[in-house]
Amino acid sequence: MLSRSRSGKLGLPEVVAMGVGGMVSGGIYAVLGVAMRQAGNAVVVSYLLAGVITLLTAYSYLKLTLHYGEHGGAFTFVEHVTDDDRIAGFVGWVLVVGYVGVMAMYAFAFGAYTLTAARAIVGVDLPQLLRPVISVFVVAAFVGLNLSGVHETGLFEDIAVYLKVLVLGSLAALGVVFYQGDLTAISWFDKGVVSPITGFAIIFVSYEGFQLLVYDYEDIENVERTLPIGMYTSILVAILIYVSVSFMATLHLTADQLVAHEEVALAEAVTHIPVLGAFGFVLVVLSAIKSTSSGINATLFGTARLVHEIATEGAIPRLFSFRNREGIPVYALLLMGALTAAFAALGTLKQITEFGSVAFLIADAVANAVNLRLADVTGSNRLVPALGLAGTVVAIPVVLYHLYRTDIEILLWIVGIFGSLFLLEFLYVDRRSDRSGSEPEG
């Protein structure tokens, strides 16, 4: 996922850093407020459930990737079990728009935290209308960097990820140690017993970054050993961070504070830790700006190459398989950048988060279904992909029903996008088949 300047293969420390960086880049800074609004004090259960389903799904990704020795992820998996180009192409588009949603989430958070930084650090109260402008600007900046072939240094990014883990872990620990209230007085299921299940489905996108490790399959040393250890370790670290930080936030944020500061919930929670106060607020804001911007760049870099892979296979227009002389997938980058900028500018954080979660629930359900079907071939224990499939399949209607009850406009928006993708892919494959059939034989 992370672009690198160093030569040679990626070792275990790099793989772990890449996985953790991909998951925690926006999953805690951007999504925490959305998760707490839905699950209330049981948000810890939501993050834990999503983490367990992610671990089960990672098993399928690893088994299929190592068996086929390919780096296309769920798109490649589907190609091996179906002869229908429409299905493979649709899964490819689901992955693409899913990553667009992720980058839009990062860009949205970047804009929100930038406005907060201007107010808290510089003392300038910028209008909220600038949030989408800042979000579009940061996406455009990283599209330009990727087009120019300039990427962040791998070693620096590795160190930054481990420092982020240290900072977040320390903040969570301090928040718990210096909590001055009564734990027994907290109503942990204040929004009902079902709320954390709905919450897990809504914030599932928080764990999406682990799949990006698959796209670096060919660059990992001793891949059959390093990739599984690195992937499982990074997911476990992400679970620990999400659970500990969200627990800390429930101790220090009231419902009214959450509503007022949903987009920067973590920073607001830290201000209530006695030993940190304003310093902790500034630390989180600066960390969020750095983390979300790196998340945009890294995801853009990896996903543009996924688009190139899908286009090379002919599942989407081959225009997006074009690379310039430096090997940069120009049109894929422009497509991803344009879609991300539009989502970040026009969508709300809730819309973007729930859209991304639905996309990755679909993609992960597909990966689990394929591995369950090919369990004898991949040497898998059928129980693991079966549980992963059950978790992801159940979560999809949970999200949709939640939206039906609470925000029908977002539901129609999400269904409309996925319906349009399926229709476009159906028409594209039909046109491609007609052109192939009309071509004269050599």
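N222 is exposed, with a relative accessible area of 52% (exposed means over 50%, buried under 20% and partly exposed in between, using a 1.4 Å probe and protein chains only). The place of N222 is in the loop between α8 and α9 (223-252), and its phi is positive, about 45°, although N222 is not a glycine. For background, most residues other than glycine have a negative phi.

Some ground rules before the rest. This is a predicted model, where local features need pLDDT of at least 70 and side-chain atom pairs count only at pLDDT 80 or more, while totals for chains, interfaces and linings use all residues. Residues are numbered from 1 along each chain as its sequence is written, and side-chain values use heavy atoms, with hydrogens and water left out.

**Overall build**
- The chain has 17 helices and 0 strands; helices (H or I, at least four residues) and strands (E, at least two) are DSSP runs, numbered from the N terminus.
- With a radius of gyration of 21 Å, close to the 22 Å from the globule rule for 442 residues, the chain is as compact as a globular protein of that length (the radius is taken over C-alpha atoms, and the rule is 2.2 Å times the number of residues to the power 0.38).
- Along its principal axes, the C-alpha trace spans about 80 × 45 × 45 Å.
- Of the 442 residues, 57% count as buried.
- Take the contacts (heavy atoms within 4.5 Å) between residues at least 6 apart in sequence: 80% of them join residues at least 24 apart.

**Surface and charge**
- The chain exposes about 17600 Å², and carbon and sulfur atoms supply 65% of that; accessible areas come from the Shrake-Rupley method with a 1.4 Å probe, and for residues only the protein chains shown count as cover.
- There are 23 positive and 35 negative side chains, with the centres of the two sets 1 Å apart.
- In that count, Lys and Arg are positive and Asp and Glu negative, leaving out His and the chain ends; each charge is placed at NZ of Lys, CZ of Arg, CG of Asp or CD of Glu.

**The nonpolar core**
- The largest nonpolar core has 144 residues, and V24, I28, Y47, Y113, M231, L266 and F418 touch the most other members (a core is a set of buried Ala, Val, Leu, Ile, Met, Phe, Trp, Tyr and Cys residues joined through side-chain atoms within 4.5 Å).
- Helix α5 (residues 85-122) gives the most to this core, with 22 residues.
- Not counting residues up to four places away in sequence, L266 touches I28, Y29, L32, Y113, L168, V245, M248 and V284.

**Helix α8 and what surrounds it**
- Helix α8 (residues 195-202) has 7 of its 8 residues buried, so it is largely enclosed by the rest of the structure.
- Its buried residues pack against α2 (32-39), α3 (43-68), α14 (349-373) and α16 (383-406).
- T353 lies in helix α14 and counts as buried at 0% relative accessibility; beyond four places in sequence, T353 touches V31, V34, M105, I202 and V205.
- E354 lies in helix α14 and is buried, also with a relative accessible area of 0%; leaving out residues up to four places away, E354 touches I202, H402, L403, I410 and I414.

- L421 lies in helix α17 (residues 408-438) and counts as buried at 9% relative accessibility.
- Leaving aside neighbours within four places in sequence, L421 is in contact with F90, W93 and V97.
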